[in-house]
Amino acid sequence: MAPALPCRPKLRLLCVGVALAFLLGVDVGRADIYKDIQIIWSADHTYYFMDGDSEALALSLDFNRGSAFKSNDMYLFARIDLDIKLVEGNSAGTVCTVYTISEGPWDIHDEIDLEFLGNSTGEPYTLHTNVFAYGVGGREQQFKLWFDPSAEYHTYSIVWNPRRITIEVDGVTIRSFDNNEEQGVPFPSWQQQRVYGSLWNADDWATQGGRVKTDWSLAPFVSYYRNYNITYCRPSPGVSWCGAEPAGSPHFNLSPKARADLQWVRNMGYVIYDYCTDMSNRYTATSRPKECSLPPRP
């Protein structure tokens with residue numbers, strides 16, 4: 001596992017630049033869905049449009065191909081917020097995503113995934129989440145949402161700092177993955193990542209384990225993105241950048257609201273799969289990943 005260094009040599013210039021931006025009061029947080037992303041699959045299957053006062057992007061999927069975008073910039077510790085309106089009606093077989101991924105060697109890549117797995121009309125979407133660190137994934141948690149995500153836009157957020165990764169839905173924290181590198185658990189702590197979004201077909205596994213296939217007579221399928229915003233991680237006062245935050249600092253502690261949110265989603269039954277508790281198909285008491293037996297960090 002790569003050591004957890006606050007600023008690796010090849011990233012030293014980046015670290016200095018971010019620190020200088022904070023010291024000078026430069027706004028390093030804004031992004032624009034039209035100016036700050038590029039289409040990487042099927043430009044003829046996408047279009048920008050004004051949705052009220054917001055610039056929005058539509059991705060579409062038909063039998064021949066899907067579509068996708070990526071951010072122009074890469075980030076090391078940031079908050080990513082994006083409004084998404086998912087495919088309406090029978091979305092079985094489709095997968096709509098927003099995720100971050102590093103661009104170095106694949107066997108040590110980092111990745112933070114949100115994948116919305118479509119379903120038959122009237123059946124709920126599944127929000128599938130995963131974290132890869134230093135090439136190690138398999139940290140899936142799945143959720144059902146407490147609303148219809150195809151009826152209107154909702155805000156989905158990835159909050160990535162040196163202490164943890166949290167995932168939020170409309171400001172409600174649904175997942176937290178702690179940095180336990182000192183315990184030998186890989187964590188994305190040194191590779192920059194780029195933001196991606198896509199709409200593609202995965203009817204071999206996406207809906208009810210692949211039992212329900214995409215109905216291509218309903219194509220094209222369309223999902224919508226707007227209010228793309230990136231906020232660089234901000235350290236506590238007097239600290240040069242987030243990677244230099246002292247180990248004992250409470251700056252990245254979970255708020256009481258976030259802790260209450262995490263308990264609420266479990267109490268309400270919105271967590272429908274957790275790799276740490278899969279003791280029937282995947283793990284035994286002695287083979288679970290190490291982080292599953294560690295206490296949550298503050």
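The legends below describe close-up views of a predicted model.

Local features are given only where pLDDT is at least 70, and side-chain atom pairs only at pLDDT 80 or more, whereas totals for chains, interfaces and linings use all residues. Residues are numbered from 1 along each chain as its sequence is written, and side-chain values use heavy atoms, with hydrogens and water left out.

**View 1. The open sheet of eight strands.**
The strand order is β1-β4-β13-β6-β7-β8-β9-β15, and the pairing is antiparallel. β1 (37–41) and β15 stand at the edges with a single partner strand each, so one side of each has no neighbour in the sheet. From one strand to the next the twist averages 15°. For such angles, axes are lines fitted to C-alpha atoms (for helices over the stretch in contact), and the angle between N-to-C directions runs from 0 to 180 degrees. Strands (E, at least two residues) and helices (H or I, at least four) are DSSP runs numbered from the N terminus. Two strands pair if DSSP finds at least two bridges between them.

**View 2**
In β7, I112 is the bridge partner of T100. V95 and A202 are 107 residues apart in sequence, yet their C-alpha atoms are 6.5 Å apart in space. Not counting residues up to four places away in sequence, V95 touches E115, F116, L117, S198, L199, W200, A202, W205 and A206. Contact means heavy atoms within 4.5 Å.

**View 3. E111 and E115, the positions annotated as "active site".**
The annotation comes from an unreviewed UniProt entry and covers both E111 and E115. UniProt positions are given in the numbering used here with shortened feature names, and annotations may be inferred rather than shown by experiment. E111 lies in strand β7 (residues 111–117), and E115 is found in strand β7. E111 counts as buried because its relative accessibility is 10%; E115, at 16%, also counts as buried. With residues up to four places away in sequence not counted, E111 touches Y99, T100, I101, W106, N130, V131, F132 and Q193. The side chains of E111 and H109 are joined by a polar contact of 2.9 Å. A polar contact is a pair of N or O atoms within 3.5 Å; within protein, one atom must be able to donate a hydrogen and the other to accept it, and residues adjacent in sequence count only if both atoms are side-chain atoms. With the sequence exclusion of up to four places, E115 touches V95, C96, T97, T126, L127, H128, W200 and W205. One of these, C96, is buried, with a relative accessible area of 3%.

**View 4. The disulfide of C233 and C242.**
The structure holds two disulfides, a disulfide being a pair of cysteine sulfur atoms within 2.5 Å. One of them joins C233 to C242, with an S to S distance of 2.1 Å. The link of C233 and C242 is left-handed, with -100° about the S-S bond. C233 and C242 are both buried.

**View 5. The disulfide of C276 and C292.**
C276 and C292 are joined with an S to S distance of 1.9 Å. The pair links distant parts of the chain, 16 residues apart, with C276 and C292 each in the segment after β15 (271–274). The torsion about the S-S bond of C276 and C292 is about -75°, so this disulfide is left-handed. C276 counts as buried at 13% relative accessibility, and C292 counts as buried at 14%.

**View 6. Backbone details at P220, D170 and N227.**
The peptide bond from A219 to P220 is cis, with omega near 5°. P220 lies in the loop between β13 (193–201) and β14 (221–232). D170 is not a glycine but has a positive phi of about 50°. The loop between β11 (164–169) and β12 (172–178) holds D170, which is partly exposed with a relative accessible area of 36%. N227, a residue other than glycine, has a positive phi near 50°. N227 lies in strand β14 and counts as partly exposed at 37% relative accessibility.

Methods
Buried < 20%, exposed > 50% of the residue type's maximum accessible area, 1.4 Å probe, protein only.
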